[in-house]
Amino acid sequence: MAGLFQVLYGEPTGKFGKAAVLKGTDGEPLIVPHDEESVIEAICTRPFAVDWDGDGHLDLVVGTFAGTFYWFRGEGKGAFQPKPEAMKTAGQPLRTEGHHSDPFAIDWDGDGDLDLLSGSSAGGVQWAENTAGDGKPPELRPFQMLIKPGRSIEHAELLSEDELTGPTTSTRVWVADVNGDGKLDLLVGDSVTLVSPAKNVSAKEFKKKFAAWQNAVAAASKELSSETADETKRTKANEEFNKIYQQRTEFMKEERTGFVWLYLQK
């Protein structure tokens with residue numbers, strides 16, 4: 001089930017046990033509650049263990065597919081209350097620009113309280129400042145951009161590794177003093193598809209073949225979405241669409257990958 005949290009408990013030998021589903025004090029798996037209308041609040045979650053409320057126990061701050069955040073209150077010794085609290089700003093849900101919120105809690109501005117950093121599907125790095133002060137329950141401002149998203153990359157756009165100058169989309173964030181100068185630095189992971197012409201296909205041929213392929217995909221999509229088609233026609237249209245879509249491999253090479261970018265704080 002998407003949205004479950006798993007933990008690998010350490011062993012005295014330095015090894016780790018098998019992944020186990022993290023459960024609340026009620027014995028049930030920790031999961032963000034949802035109904036049919038808010039199911040995306042509970043999937044694609046990323047957990048971050050931190051003492052969020054300053055009571056000496058580790059809590060669990062989690063992100064969601066929707067770009068929102070929740071936190072499960074810790075009770076010590078690895079136990080958590082089963083129902084999380086929604087994280088808010090000015091009475092409204094705290095939300096990233098884009099989906100797939102990616103929490104990293106740390107005192108980013110050095111004022112003694114925990115702030116929240118996040119990546120997202122839109123790219124870039126976002127920061128929600130905590131204005132409460134040291135020792136007080138967190139009060140977060142809306143997210144602001146620390147690092148702006150990279151340029152938009154069109155589907156099947158010719159793109160090589162050498163052309164990349166920064167993170168693209170689906171960013172994930174980690175904070176650490178990488179160079180040991182006493183300042184917090186940013187490590188940012190991303191996701192990108194590198195595209196190049198297939199073997200023996202020139203850039204000029206690629207452009208021509210790609211345009212023809214786009215037109216064929218558009219026509220097949222229109223046929224597939226026809227409201228007048230019966231089940232037999234829809235099945236045939238779906239088969240034709242899949243066939244045309246796969247034809248891109250005849251002139252295009254795609255490499256789905258990602259990179260880690262380092263930002264050193266000045």
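**Pockets, cores and ring pairs**

Tutor: This is a predicted model, and we can begin with the second largest pocket, whose lining is made up of 15 residues, with V7, L22, A49, L60 and F80 lying nearest its centre. About 230 Å³ of space lies in this pocket, and β1 (6–7), β3 and β7 (79–80) each supply at least two residues of its lining.

Student: What makes up the lining of the second largest pocket by class?

Tutor: That lining divides into ten nonpolar, four polar and one charged residues. The lining of the largest pocket, by contrast, divides into five nonpolar, seven polar and five charged.

Student: Which residues lie nearest the centre of the largest pocket, and which strand gives the largest share of its lining?

Tutor: The largest pocket, with a volume of about 270 Å³, is lined by 17 residues, and I153, E154, T169, V192 and T193 lie nearest its centre. Strand β16 gives the largest share, four residues, while β16 and β17 (252–257) each supply at least two.

Student: How do you know that the rings of W213 and Y245 form a pair, and why is the pair called tilted?

Tutor: A pair of aromatic rings is described by the distance of the centres and the angle of the planes. The centres of the W213 and Y245 rings are 5.7 Å apart, which is within the 6.5 Å limit, so the rings pair.

Student: Which residues touch the most other members of the largest nonpolar core?

Tutor: That core has 24 residues, and W52, M87, L116, L117, V175 and L186 touch the most other members. Strands that each supply at least two of its residues include β3 (46–50), β12 (115–119), β15 (169–176) and β16 (185–197). Leaving aside neighbours within four places in sequence, L186 is in contact with residues including W108, L117, V125, I147 and V173. Apart from this core lies another, of 13 residues, among them A156, F206, F210 and M252.

Student: What makes A90 and S170 stand out in their backbone angles, and why is A90 called exposed?

Tutor: Phi of A90 is near 50 degrees, a positive value in a residue other than glycine, and S170 likewise has a positive phi near 50 degrees. A90 sits in the loop between β9 (88–89) and β10 (92–93), and its relative accessibility of 78% is over 50%, so A90 counts as exposed. S170, in strand β15, has 31% relative accessibility, which is between 20% and 50%, so S170 counts as partly exposed.

Definitions and conventions
Residues are numbered from 1 along each chain as its sequence is written. This is a predicted model: local features need pLDDT of at least 70, side-chain atom pairs count only at pLDDT 80 or more; totals for chains, interfaces and linings use all residues. Side-chain values use heavy atoms; hydrogens and water are left out. A nonpolar core is a set of buried Ala, Val, Leu, Ile, Met, Phe, Trp, Tyr and Cys residues joined through side-chain atoms within 4.5 Å. Buried means under 20% relative accessible area, exposed over 50%, partly exposed in between (1.4 Å probe, protein chains only). Contact means heavy atoms within 4.5 Å. Rings of Phe, Tyr and Trp (its six-membered ring) pair if their centres lie within 6.5 Å; planes under 30 degrees apart count as stacked, over 60 as edge-to-face and the rest as tilted. On a 1 Å grid over the protein atoms alone, a cavity is a set of points where a 1.4 Å probe fits but cannot get out, and a pocket is an open set with protein on both sides within 12 Å along at least five of seven lines; lining residues have an atom within 4 Å of a point. Grid points are joined across faces, edges and corners, and a volume is the space filled by probe spheres set on the points. Ala, Val, Leu, Ile, Met, Phe, Trp, Tyr, Cys and Pro count as nonpolar, Asp, Glu, Lys and Arg as charged, and the others, Gly among them, as polar.
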